[in-house]
Every structure is written in C-alpha cells, then in structure tokens.
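Please take a look at the structure below.

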Amino acid sequence: MNPVEQLNLYLALGALLFVCGVVCMATKRNAIGVLIGVELVLNGANINFVAFSRFHPNFQVEGMIFALFVIVMAAGEAAVALAIVLNFYNNHTTVDVDTAEELKG
Amino acid sequence: MFELQPFMFWLIATLTGLCAIATVISQNIVRSATWLLFTLAGTSGIFFLLGADFVGAIQLLIYVGGTMVLVVFGVMLTAQGPFINMKTSGAEWAISIVAGILLFSVLCFGTWGHFSAPQATAMDDPKDSHQAATLAQAMTGAGYGPIYKPVQRERIHYLLPFEIVSVHLLVVLIGAAYLARAKRRKGAAT
C-alpha cells in the first residue's frame with residue numbers, strides 16, 4: 001500500500017476518535033462524561049501528530065514531541081477539571097452539568 | 001502475500017474505533033470509563049505500530065496509568081444512585097449523531113481530497129531510529145538526528161517548551177490540591 005493511503009487511514013482513525021469525543025462532550029450530562037470526551041478528542045489529535053511524524057519527512061521529531069506535550073497537557077487538564085468537578089459535587093451534591101448555571105464563588 | 005502491517009492496523013484500528021463508539025453510547029458512566037481505558041490502550045497500540053515506541057510507552061504510563069486512575073477516582077467519588085445512569089433524551093441523541101456523522105464525513109472528505117497528492121513518503125525503517133535519545137536531544141536543544149550521524153546545523157530547540165511544561169505541571173499540582181481541598185471555614189468567614 002502506498003504511504004499516502006496509509007497516512008489517510010491513520011488520519012481517518014484520528015477523525016473517528018475526534019468525532020466520538022465531540023459527540024460525547026455534547027451528549028453526556030455527567031461532568032466526568034464530558035471529561036472523557038475531552039480525552040477522546042486529545043487522543044484523536046495525538047494519532048494525527050504521530051502519523052505525520054511517521055509519514056511526513058518534515059515532522060519526524062516534531063510530531064512525536066508535540067504528542068508528548070499534548071499527553072502532559074491532558075494529564076494537567078484532567079487533574080484540574082476533576083478537582084473542579086469534585087468541588088462542584090461538594091457544593092451542589094450533583095454532577096449534572098445542566099444544573100451548573102450560576103458562575104458564582 | 002500476507003502482510004502483517006495492514007492486518008495489525010485494521011485489527012487495532014477496528015478495536016479502538018469500536019471502543020470509542022462504545023464510550024459514547026454507553027449510558028453507565030462506569031462502563032464509559034472502562035471503554036475509554038480500552039480506547040487509550042488501543043491508541044498506544046497504534047503508536048507502537050507507527051514506530052513511535054517512546055510516545056506509545058509514555059501514553060501507556062501517563063494516560064492509561066495516571067489519567068485513567070484520576071478519572072476512575074472521580075467516578076467512584078461521585079457515582080451515587082442517580083448519577084451513574086443519566087439519560088440523554090432521544091431528540092438530543094438524534095441531533096448529536098447526525099452532527100457527528102456530518103462532521104466525520106467532512107473530515108474524511110477533506111483528508112482524502114487534500115492528501116491524495118503524492119507528497120507524503122514513508123520514513124526509513126523505525127527499527128534503527130534511536131527514539132528516546134533523539135527526542136532527548138531535541139528537548140535539550142542539542143539538535144536532532146540519528147545519533148550516529150553528525151548533528152544537523154540548524155538546531156531545533158524545545159528546551160523552553162520543555163521547561164514550560166515542567167512549570168505547568170507544578171502549577172497544576174498546586175492548583176488541583178488547592179481546588180480540591182476541604183473547606184471548613186465557611187461559617188467563620190461571615
């Protein structure tokens with residue numbers, strides 16, 4: 001199989017993960033479900049980065065480095081978002097994002 | 001002739017895609033988190049298949065080992081009675097699925113339209129790339145390239161982003177601990 005077709009298949013897989021993440025963020029009412037959707041989106045982006053680092057001569061190292069940065073950012077984002085969700089749960093005893101309407105301290 | 005690479009790609013990609021779809025459509029949040037675990041493991045398999053050993057290993061370590069533990073902890077701390085199964089109404093599902101299929105077709109259409117030109121080429125055999133060493137060279141600003149070749153003249157520095165990421169993780173550590181701590185002086189503040 002020629003490299004372009006292979007690259008396109010990997011990009012299609014990344015697009016599938018991205019779309020799953022977006023739909024997950026849109027449909028889940030649980031705040032942690034929304035967080036799971038964000039993780040799926042970041043994974044789709046990572047697949048694209050690594051696929052380009054394999055198939056494009058100019059992104060041989062850059063693709064992998066950016067994937068590493070995305071992984072670290074995702075870890076930080078998950079930690080802060082979960083802290084916010086737990087705090088919201090402590091204050092409101094719910095994790096339903098539809099009830100999170102007021103932005104007060 | 002039987003080729004291992006496309007077979008493995010289709011196997012792992014099918015499993016990963018199915019797990020991702022199951023993550024979206026399962027209503028139970030615990031099952032959703034479990035499907036996400038399999039999706040992340042499948043993604044690391046894709047990385048190994050692409051020859052990115054180091055990134056795949058880091059994905060397994062940080063994502064599957066760290067982030068998933070965080071998410072499961074969040075699920076366990078908040079999963080009580082009505083919050084395990086929170087239903088989404090049928091109309092919202094219909095709109096979301098139509099929008100998702102449209103978005104996916106737009107992305108695939110754009111991919112096949114743009115990258116049909118023969119500009120992408122496969123890299124050399126991933127077996128003989130010293131990835132951890134190459135990435136470390138790029139991260140510390142020593143330039144990169146296979147370590148048995150002379151270092152390229154125009155050097156690519158990722159030292160500053162690397163430091164920023166380190167400081168970012170420290171800030172996240174402190175911020176998450178500050179946000180999640182138990183507040184006990186609510187009445188005293190008035």
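Chain A averages a pLDDT of 87, and 96% of its residues score at least 70. Here pLDDT is the predictor's confidence in each residue, from 0 to 100. This is a predicted model: local features need pLDDT of at least 70, side-chain atom pairs count only at pLDDT 80 or more, and totals for chains, interfaces and linings use all residues. Residues are numbered from 1 along each chain as its sequence is written, while chains are lettered from A and ligands numbered from 1 in the order in which they are written.

Chain B has a mean pLDDT of 80, with 77% of its residues at 70 or more. The model as a whole scores ipTM 0.90 and pTM 0.85.

Turn to the fold of chain B. It has six helices and zero strands. Helices (H or I, at least four residues) and strands (E, at least two) are DSSP runs, numbered from the N terminus. Along the sequence the pattern is α-α-α-α-α-α. Of the 190 residues of chain B, 22% count as buried. A residue is buried if 20 or more other C-beta atoms lie within 10 Å of its own, exposed if 12 or fewer, and partly exposed in between, with C-beta atoms placed from the backbone. Two residues are in contact if their C-beta atoms, placed from the backbone, lie within 7 Å. Among contacts in chain B between residues at least 6 apart in sequence, 39% join residues at least 24 apart.

Now look at a helix pair in each chain. In chain B, the axes of H2(B) and H3(B) are 8 Å apart and pack at an angle of about 175 degrees. Axes are lines fitted to C-alpha atoms, for helices over the stretch in contact, and angles run from 0 to 180 degrees between N-to-C directions. H2(B) and H3(B) are therefore roughly antiparallel. Angles under 35 degrees count as roughly parallel, over 145 as roughly antiparallel, 65 to 115 as roughly perpendicular and the rest as oblique. Residues in this contact include B:Leu37, B:Leu40 and B:Phe47 of H2(B), and B:Leu60, B:Tyr63 and B:Met68 of H3(B). By class, the contact has 16 nonpolar, four polar and one charged residues. Ala, Val, Leu, Ile, Met, Phe, Trp, Tyr, Cys and Pro count as nonpolar, Asp, Glu, Lys and Arg as charged, and the others, Gly among them, as polar.

In chain A, the axes of H2(A) (residues 31-55) and H3(A) come within 9 Å and cross at roughly 175 degrees. H2(A) and H3(A) are therefore roughly antiparallel too. Their contact has 20 nonpolar, three polar and three charged residues.

How do the chains meet? 70 residues of chain B are in contact with 61 residues of chain A. On the chain B side, H1, H2, H3, H4, H5 and H6 each supply at least two residues. H3(B) gives the largest share, 14 residues. That side of chain B divides into 48 nonpolar, 21 polar and one charged.

Two residues of chain A are worth a visit. A:Val23 is found in helix H1 (residues 3-27) of chain A. A:Val23 counts as buried because 25 C-beta neighbours lie inside 10 Å. Leaving aside neighbours within four places in sequence, A:Val23 is in contact with B:Val24, B:Ser96, B:Ile97 and B:Gly100. A:Ala31 sits in helix H2 of chain A. A:Ala31 is also buried, with 23 other C-beta atoms within 10 Å. Beyond residues up to four places away in sequence, A:Ala31 touches A:Val85, A:Phe88, A:Val95 and A:Val97.

Next, helix H5 (residues 131-139) of chain B. Which of its residues are buried? They are B:Leu135, B:Gln137, B:Ala138 and B:Met139. Their cover includes helix H3 (62-92) of chain A, together with helix H3 (53-78) and helix H6 (159-180) of chain B.

Last comes the core. A nonpolar core is a set of buried Ala, Val, Leu, Ile, Met, Phe, Trp, Tyr and Cys residues joined through C-beta atoms within 7 Å. The largest has 65 residues, of which A:Cys20, A:Ile32, A:Val50, A:Ala51 and A:Met64 touch the most other members. H1, H2 and H3 of chain A and H1, H2, H3 and H5 of chain B each give two or more residues to this core. H3(A) gives the most, with 14 residues.
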